[in-house]
Amino acid sequence: DSLDVLGVVKARQSVTLSAATTQLVSRVLFTPGQRVAKNQILVELKTLEQDAGLAQAKARAIVAERGYQRWKTLADQGYASKAAVEQYEAVWLAAKADVDAAQARLGDRLIRAPFAGVVGLSDIAPGAVVNPGAAIVTLDDDSVLRVDFQIPDRFIASVHEGQEIEASVDAYPGLTIRGRITHLDTRIDERTRALTARSEFPGADRRVKPGMMVRIAIAQGEHTGLSVPETAVAVQGDG
């Protein structure tokens, strides 16, 4: 006996990448459907202004450090006050912070993959203008597939974390994927009187894609009984 429910496939991790600033696209370093590694650069934005800002910040930091070192040497020899040295040290530390900020702004011009996965379709091209929050490309980690489904409260006694389940997809008759329940929600939905369960399946079969509807079969135990073919039963009167 099995409990049959419906669920929707999700990737282990999914994200729609976007830019943190408005800028022109300089280079696109991926192709749709490509598998990418974690931290791999996917899109480069123009960085002329940021490169110049970083160079200026580094130059100011060098001057500030030299000034601090000179005054520190004078203070060590007794020719400068401690307050003056601390003032120049503060200027140097502020200049170093400006370098870090300039490097961070430069890093915002590189769109990287936050995790390994496969990129989807995209219309982005060099010369296009991207805005903060605008979708650039999707990224899915399909090494493991997740499926969330609802279990009526009257059946929750027969399910538990770690329980093995089977999934089938209407698009591929005969295909059965085995997985297990990884998590059960902490509360029952008052509107549906159902508990949400999350299962995971290996993503080795690339035919199953995030967003597909699947049928989940949860084993409810087995029983043995006598059975015969229907054609072997003859009905006569009430017998």
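Keep in mind that the model is predicted.

Let me start with the strands. Strand β9 spans residues 164-168, and strand β10 spans residues 176-189. They pair in the antiparallel sense, over 5 bridges. One of the bridge pairs is Ser 168 with Thr 176 in β10.

Now move along to β11, residues 194-202. β10 and β11 also run antiparallel, joined by 6 bridges. Pick out Leu 184 here: its bridge partner in β11 is Ala 197.

Why flag that? Most residues other than glycine have a negative phi. Arg 193 is partly exposed, at 42% relative accessible area.

There is another such case. Asn 39 has a positive phi of about 70 degrees, again without being a glycine. Look for Asn 39 in the loop between β3 and β4, where β4 is 41-45. Asn 39 is partly exposed too, at 45% relative accessibility.

Next, charges. How many salt bridges does a search of the whole structure find? The count is 10. I will take three of them.

First on my list is Arg 35 with Asp 142. Their side chains meet at 2.9 Å, N to O. Arg 35 is in strand β3, residues 35-36, and Asp 142 is in strand β8, residues 135-152. The two residues are 107 apart in sequence, so this pair ties together separated parts of the chain. Is each end buried or exposed? Asp 142 is buried, at 12% relative accessible area. Arg 35 is partly exposed, at 43%.

Next on my list is Arg 198 with Asp 148. This salt bridge also comes out at 2.9 Å, N to O. Here again the pair links distant parts of the chain: Arg 198 in β11 and Asp 148 in β8, 50 residues apart. Asp 148 is buried at 18%, because the cut-off for buried is under 20%. Arg 198 is partly exposed at 29%. Lys 10 joins Asp 148 and Arg 198 in a network of salt bridges.

The N to O distance is 3.4 Å. Arg 191 is exposed, with a relative accessible area of 76%. Asp 189 is partly exposed, at 25%.

Now for a charge with no partner. Arg 146 lies in strand β8. It is buried, yet it has no salt bridge. Which side chain of opposite charge is nearest to Arg 146? That is Asp 148, 5.7 Å away.

What is Arg 146 in contact with, leaving aside its neighbours within four places in sequence? The contacts include the run of Val 8, Val 9, Lys 10, Ala 11 and Arg 12. Arg 198, Ser 199 and Glu 200 are also among them.

Notes:
Residues numbered from 1 in each chain as written. Predicted model: local features only at pLDDT ≥ 70, side-chain atom pairs only at ≥ 80, totals over all residues. Heavy atoms only, no water. Pairing = 2+ DSSP bridges. Helix = DSSP H or I, 4+ residues; strand = E, 2+ residues; numbered from the N terminus. Salt bridge = Lys/Arg side-chain N within 4 Å of Asp/Glu carboxyl O. Buried < 20%, exposed > 50% of the residue type's maximum accessible area, 1.4 Å probe, protein only. Lys, Arg positive; Asp, Glu negative; His and termini not counted. Contact = heavy atoms within 4.5 Å.
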